[in-house]
Each structure stands twice: as structure tokens, then as C-alpha cells.
Amino acid sequence: MVRERETPKQQQQVSYTVEQLVAVNPYNPDILPDLENYVNEQVSSQTYSLDANLCLLRLYQFEPERMSTQIVARILVKALMAMPAPDFSLCLFLIPERVQMEEQFKTLIVLSHYLETGRFRQFWDEAAKNRHIVEAVPGFEQAIQTYAIHVLSLTYQKIPRPVLAEAINIEGLSLDKFLEHQAANSGWILEKGHGRGQLIVLPRNEFNHPELKKSAADSVPLEHIIRIFPILG
């Protein structure tokens, strides 16, 4: 079923209509232009729809001559921005190997590897060499900084300032302002100290404070354990 283009009002409701098309008729190649336009809308409006993007990549498999490498690159950048979700791998699985061998896609795969392994310094260095790819999608830097902080919060209770600076690629006065904002809005505590010796106390969670994970809901009742003993015997 092809979407009817009747009124400007209907055209403005692209996101809602595209989601309907994906749900009702995901394998119809007639919706390819709608899905491509939707990728560009996600970029401009800084929104995201994994389902719509996966649908488009599947359709490209059936219609390889209609594939837009620019659209595919934008999908992969948006998927990187969704980390720690596994969206990048899900999208990459639907992209032919011959396409993956193009330089821009090899770069994105390298960037993904750096993020997955927490090698943030290498990531930012590589991203700086390929600004034409990543800066085509607004909000990229902020999304990766959010992911980096997420990764650090899984490991650190207190994080040295240099480690944070390297992970989020911010230094000097810009980092000072960032820390002040996080302290005011996200519960970060800045311990006394100056320069590289400063420590930042991150909010407690079940990963950097494992004892928080223990709860009655996670424990096995004693009577259940007792019932197992006869079975084991």
C-alpha cells in the first residue's frame, strides 16, 4: 500500500505515517522513498527509529540498485549514537559486505569497535579525521559523550579528571562548565582539588556499588532451596 499524498497536513505527519507503513507493509518497495526521507528527518529533527531504519536496510537487500550509500551512512551514525544498544551491529548485518568495504563504512566500523572496547581517545582521534561523516548528523558528539559517561559510571565510584576529559573529549574551561552543570543537575560531586588531581564522585548505581543490586526480589527463598536438596540427592 502506497501512502497517498493529498494534503500538506498529511505530509507533515511523516513520522506517524512511516511508522504505520513499517508496521503494516514492511516489504513493499514502494515505501522506499518514504523511509529514505524519514532517515533525513531523523537527522534534522534529532529523533530516531531503529525499526524504520532496519526496514529500509532490508528493502535495500531486495532492491540493491536503489541503495543510497549516503542514507546508509546516516543510519549507521544514528545507530552509533544509540549505544550501548546493539543497533549498529543489527544494521551492519543487513548491509552487503561489498558496501561495508567502502572507506566511509570501514571508518564507521572502526569507530564502533573503539566505542565497544572503551578506547575513547582513539575514537575521538579517528572521528576528528572523519568529521565529514559524523558531523553530518547533529548531536553526534553529545550522544557519544553520554555513552562514555555511561561506561565510566559502570566502573568508577570516583573518576580522575584526566580520565573523564579523555573519555568525553572536553578540557579546560569547557570541562569546568560541564562539571558544574553535572554537579547541579546530575548529582555529581566535585572533590576538592585542582587540575589533574581533581576527583569526581559519580552517582551510586548497582554497578559501581554492587551492594545496591542485592534485594529481596533477587534472592531465592530458603524453602525453595530446601526443596531442591531431595532432587539433587
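Analyst: Buried means under 20% relative accessible area and exposed over 50%, with partly exposed in between (1.4 Å probe, protein chains only). This is a predicted model, where local features need pLDDT of at least 70 and side-chain atom pairs 80 or more, while totals for chains, interfaces and linings use all residues. Residues count from 1 along each chain, and side-chain values use heavy atoms, leaving out hydrogens and water.

User: What share of the contacts with a separation of 6 or more joins residues 24 or more positions apart?
Analyst: A contact here is heavy atoms within 4.5 Å. Take the protein chain's contacts with a separation of 6 or more, then pick out those between residues 24 or more positions apart: they account for 55%.

User: At what angle do α5 and α11 pack?
Analyst: Helix α5 covers residues 69-81, and its axis sits 8 Å from that of α11. Axes are fitted to C-alpha atoms over the stretch in contact, and angles run from 0 to 180 degrees between N-to-C directions. On that scale, the two helices pack at about 35°.

User: Which residues of α11 make that contact with α5?
Analyst: By class, there are six nonpolar residues in the contact and no polar or charged ones. From the α5 side come V77, L80 and M81. Facing them from α11 are F140, A143 and I144.

User: Is Q145 buried or exposed?
Analyst: Q145 is found in helix α11. Its relative accessibility is 11%, so Q145 counts as buried.

User: Which residue's backbone oxygen does the side chain of Q145 reach?
Analyst: Leaving aside neighbours within four places in sequence, Q145 touches W124, I168 and I170. One of these, I168, is 23 residues away in sequence, yet its C-alpha is 4.8 Å from that of Q145. At 3.0 Å, the Q145 side chain reaches the backbone oxygen of I168.

User: What about E135, is that buried or exposed?
Analyst: E135 lies in the loop between α10 and α11. Its relative accessible area is 54%, so E135 is exposed.

User: What separates the C-alpha atoms of E135 and V77?
Analyst: V77 is one of the α5 residues that make the contact with α11. Along the chain, V77 and E135 are 58 residues apart.

Conventions. Helices (H or I, at least four residues) and strands (E, at least two) are DSSP runs, numbered from the N terminus. Ala, Val, Leu, Ile, Met, Phe, Trp, Tyr, Cys and Pro count as nonpolar, Asp, Glu, Lys and Arg as charged, and the others, Gly among them, as polar. A polar contact is a pair of N or O atoms within 3.5 Å; within protein, one must be able to donate a hydrogen and the other to accept it, and residues adjacent in sequence count only if both atoms are side-chain atoms.
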